[in-house]
Every structure is written in C-alpha cells, then in structure tokens.
Amino acid sequence: MKRNPLILFFIAAIVAAMLFAGIRMARNNRANGFAKGQLIGQLAPDFELPALDGKNLKLSGLRGKAVLLNFWATYCGPCKIEMPWFVELQKEYGPQGFQIVGVAMDDASTEDIAKFAKEMGVNYPILLGKESVGESYGGVSVLPTTFFLDRDGKLIAREFGLQSRSVFVDHIKKAMSQGHAVQAQK
Amino acid sequence: MKMLLASAFLLFSAWAQDDLGPQGPAVKMAPAPVVTVVQGKPATVPLSFRVSSGYHINSNHPKSEFLIPTVLKVEATTDIVIGRTTYPEGQDMSFAFAPDEKLNVYTGDFKVDVLVRPLRSVQAGKYIVRGTLKYQACDNAACYPPKQLPVSFDVKIAKAPPAPTKNPAQSPHAH
C-alpha cells in the first residue's frame with residue numbers, strides 16, 4: 001500500500017500541534033492553574049508568620065473578617081504605589097470587618113522592612129514571608145500578588161501586578177459581602 | 001518521505017520548544033570573546049548582556065537603598081587575579097508605576113568589563129573563569145524576585161616574552 005506523503009505530513013503536523021498544545025496547557029497549569037483551578041474558591045492555605053511587631057499572626061485567626069493578602073517586597077516599585085491605597089482602604093473598610101495583611105517576600109533585613117513600612121505609613125500588619133508560604137499560594141513569582149479572602153477564609157480573587165484602586169475596592173466589597181461575620185479569634 | 005516527516009516534526013518541535021523558553025524577564029549573556037593575556041599582565045574582558053524587551057533591571061548604582069543593584073561576582077581563582085569590575089552608567093528612566101520618580105536602570109544591551117591579571121608563574125593555556133550576575137527585574141506593573149545568571153568566560157594566557165638578556169659591559173682591551 002502506497003502512503004500519500006501529504007497525508008503523512010498532515011498527520012505529523014497534527015501530532016506536533018497536539019504536543020505543542022499539551023505543553024502549553026501543562027505550563028499554564030503549572031503557572032496559574034494551581035491558583036486558578038484549585039485555589040480560588042477554596043479555603044486559603046493557612047500559615048503563621050512573624051510580624052514586624054514581633055508577634056506571630058495566623059491567617060485563620062482572622063476568620064470572620066474579609067482579608068486582603070498582599071505579597072510584596074521592598075525592592076518592588078509597583079508595590080510602593082499600592083501601599084498608600086491600602087492604608088486608606090484599611091481605614092475606610094477596617095471598621096466593617098476588613099483586614100489587610102502584607103507579606104514581605106524579600107531578603108531585606110527586618111530593620112529595612114520595618115523602615116520601609118514606616119516610611120509608607122503602613123497601618124496594617126506586615127509579616128516576614130517565607131518561600132514555603134508563597135508556594136502554598138501557587139508560587140509568588142510576580143510582585144505584587146494580592147489575594148482576597150471572604151469572611152470564611154475562602155479565596156475569592158487574585159491579582160498579579162499593579163492594579164487600579166477601583167479593582168481592589170470591588171474585590172474588597174465582594175469579600176466583605178461573602179461568608180459569616182463572626183468575631184475574629186485571638 | 002521520511003525526511004519530509006522528520007522536517008515537519010522538527011519544525012513543530014522547535015516551535016513548541018521556543019514556547020518552553022524562559023518565562024518572564026530574563027537577562028542573557030552573549031558569548032564572551034576569548035581574551036589573550038600575557039603572564040603577569042592585566043587585560044579587560046568585556047561581557048555583554050541583554051535584558052528582555054519590556055523589562056528593566058536596576059543599574060549597579062540604583063537610586064534607592066531598597067533597590068537591588070546589578071552585581072557581577074566573579075569567583076576567585078588561584079591562577080588569575082580578578083580585578084576591578086566596571087559597570088556602565090544606567091539610564092535615568094520613569095515608569096508608569098511611578099511617573100514622578102527616576103530610576104537608574106539597564107535596558108536592552110549593556111556591557112560589564114572585568115579586569116583580569118594572570119600570575120607571572122601561571123602556565124600558558126586556556127582558563128575558564130566563572131561567576132554570577134545578580135539582577136532584579138521589573139516591568140511597568142510588576143517586579144520579579146532577584147535572579148542569578150551563571151557567567152563564564154575564557155582567558156587565554158600567553159607566555160611572557162623572555163626578558164632581554166643583559167650583555168655585560170665589555171672591558172676595554174688594553175693595548
């Protein structure tokens with residue numbers, strides 16, 4: 001039986017295209033899928049990290065409040081733009097059961113991080129991040145990366161990079177409207 | 001026929017491989033020229049780097065203490081003394097995330113010079129010098145954790161010309 005070269009070429013092209021698509025999908029899953037496909041809608045991975053004031057903060061201890069979890073670093077210019085907004089948003093929505101938590105993901109000393117936070121007038125807890133915590137959130141390879149948790153501790157949204165203030169406000173309002181407002185445990 | 005199939009497969013594989021390339025920002029080093037140095041004499045090795053389009057990295061002298069400078073660290077060797085590293089001046093640029101602030105950065109191509117001086121006693125031949133370029137990149141809306149790019153270059157050491165032989169002054173002949 002004689003094989004038609006064009007058909008064989010076509011089959012080879014389809015196989016290669018499928019391989020390409022598979023590789024792309026695998027990569028997307030690796031980069032985003034954990035957070036997109038599995039993390040959003042799920043309970044936020046719990047962690048306990050030291051804060052700049054020396055006390056430890058456990059994420060699940062904030063249950064009952066909507067939480068904005070912001071991964072940032074002192075070397076990150078875009079993170080610096082968001083911080084004054086966060087200060088305002090904490091003031092505005094804090095009394096309604098909203099809490100911003102910053103997680104510093106850099107190698108700077110605690111003193112430098114504290115100095116930076118002071119310069120920015122930060123009025124919310126800054127935690128000293130660990131790689132393992134970032135990994136539990138699908139890997140924090142872009143800064144800023146911000147997650148929004150509803151009052152039950154469920155992840156409802158995630159944003160990479162600098163966003164407009166209105167994007168944060170929308171997510172915060174949504175986070176505050178979901179879940180049960182209970183007294184946060186100490 | 002087989003050639004045709006193999007070509008088709010290679011073509012699409014290359015396409016897929018290209019897509020598997022480094023994600024996000026990257027700094028790449030161009031192959032360094034092999035610099036020939038004479039035993040005991042200094043020479044400059046120019047190293048060329050390229051920052052991916054759309055990204056910037058801090059210069060060696062960023063304008064804020066919180067920014068991470070680009071630094072080349074060359075591993076010490078027993079045969080070659082590593083001297084001064086000369087960085088280019090960065091460009092003062094403003095970015096969308098801070099239009100009123102100027103950052104001193106490298107974008108596109110930049111060159112770093114490394115001074116090397118082989119010891120007089122070192123044997124002639126080719127030596128590999130290794131190091132890392134530490135950098136931290138950002139784009140207009142986000143930053144990326146610091147990275148370390150492995151760097152290596154060859155230094156070819158040539159023998160120093162023999163020292164001129166001293167002719168003893170000839171004593172005048174007494175006639």
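B:Lys28 sits across from B:Arg50 in S3(B). The two strands involved, S1(B) and strand S3 (residues 43–51) of chain B, run antiparallel and are joined by three bridges; strands here are DSSP E runs of at least two residues, helices are H or I runs of at least four, and both are numbered from the N terminus. Keep in mind that this is a predicted model, where local features need pLDDT of at least 70, side-chain atom pairs count only at pLDDT 80 or more, and totals for chains, interfaces and linings use all residues. Residues are numbered from 1 along each chain as its sequence is written, chains are lettered from A and ligands numbered from 1 in the order in which they are written, and side-chain values use heavy atoms, with hydrogens and water left out.

**Sheets in chain B**

- One open sheet has four strands in the order S1-S3-S9-S6, with antiparallel pairing (two strands pair if DSSP finds at least two bridges between them).
- Its edge strands are S1 (27–29) and S6 (80–86) of chain B, each pairing on one side only.
- The twist in this sheet averages 30° from one strand to the next (axes are lines fitted to C-alpha atoms, for helices over the stretch in contact, and angles run from 0 to 180 degrees between N-to-C directions).
- Another open sheet takes four strands in the order S2-S12-S10-S5 of chain B, and here the pairing is mixed.
- Within it, S10 (residues 125–135) and S12 (residues 147–158) of chain B pair in the antiparallel sense over eleven bridges, and B:Lys134 stands opposite B:Gln148 in S12(B).

**Chain A overall**

- Chain A has five helices and seven strands, laid out along the sequence as α-β-β-β-α-β-α-β-α-β-β-α.
- Of its 186 residues, 48% count as buried (under 20% relative accessible area; exposed is over 50%, partly exposed lies in between, with a 1.4 Å probe and protein chains only).
- Among chain A contacts with a separation of 6 or more, 75% come from residues 24 or more positions apart (a contact is heavy atoms within 4.5 Å).

**Helix H5 of chain A**

- H5 (residues 165–177) of chain A has 13 residues and reaches 19 Å from first C-alpha to last, close to the 18 Å expected at 1.5 Å a residue (that is, 1.5 Å times one less than the number of residues).
- Its buried residues are A:Phe168, A:Val169, A:His171, A:Ile172, A:Ala175 and A:Met176.
- Their cover includes S3 (66–72), H2 (77–93), S4 (98–104), S6 (145–149) and S7 (155–160) of chain A.
- After H5(A) comes A:Gly179, with a positive phi near 90°.

**Nonpolar cores**

- The largest nonpolar core has 57 residues, and A:Phe71 and A:Tyr137 have the most contacts inside it (a core is a set of buried Ala, Val, Leu, Ile, Met, Phe, Trp, Tyr and Cys residues joined through side-chain atoms within 4.5 Å).
- Elements giving two or more residues to this core include S3, H2 and H5 of chain A.
- A second, separate core of 33 residues includes A:Val142, B:Ala43, B:Val45 and B:Phe153.

**B:Leu67**

- B:Leu67 lies in the loop between S4 (56–58) and S5 of chain B, and is buried at 15% relative accessible area.
- Leaving out residues up to four places away in sequence, B:Leu67 touches A:Tyr75, B:Asn58, B:Pro62 and B:Leu103.
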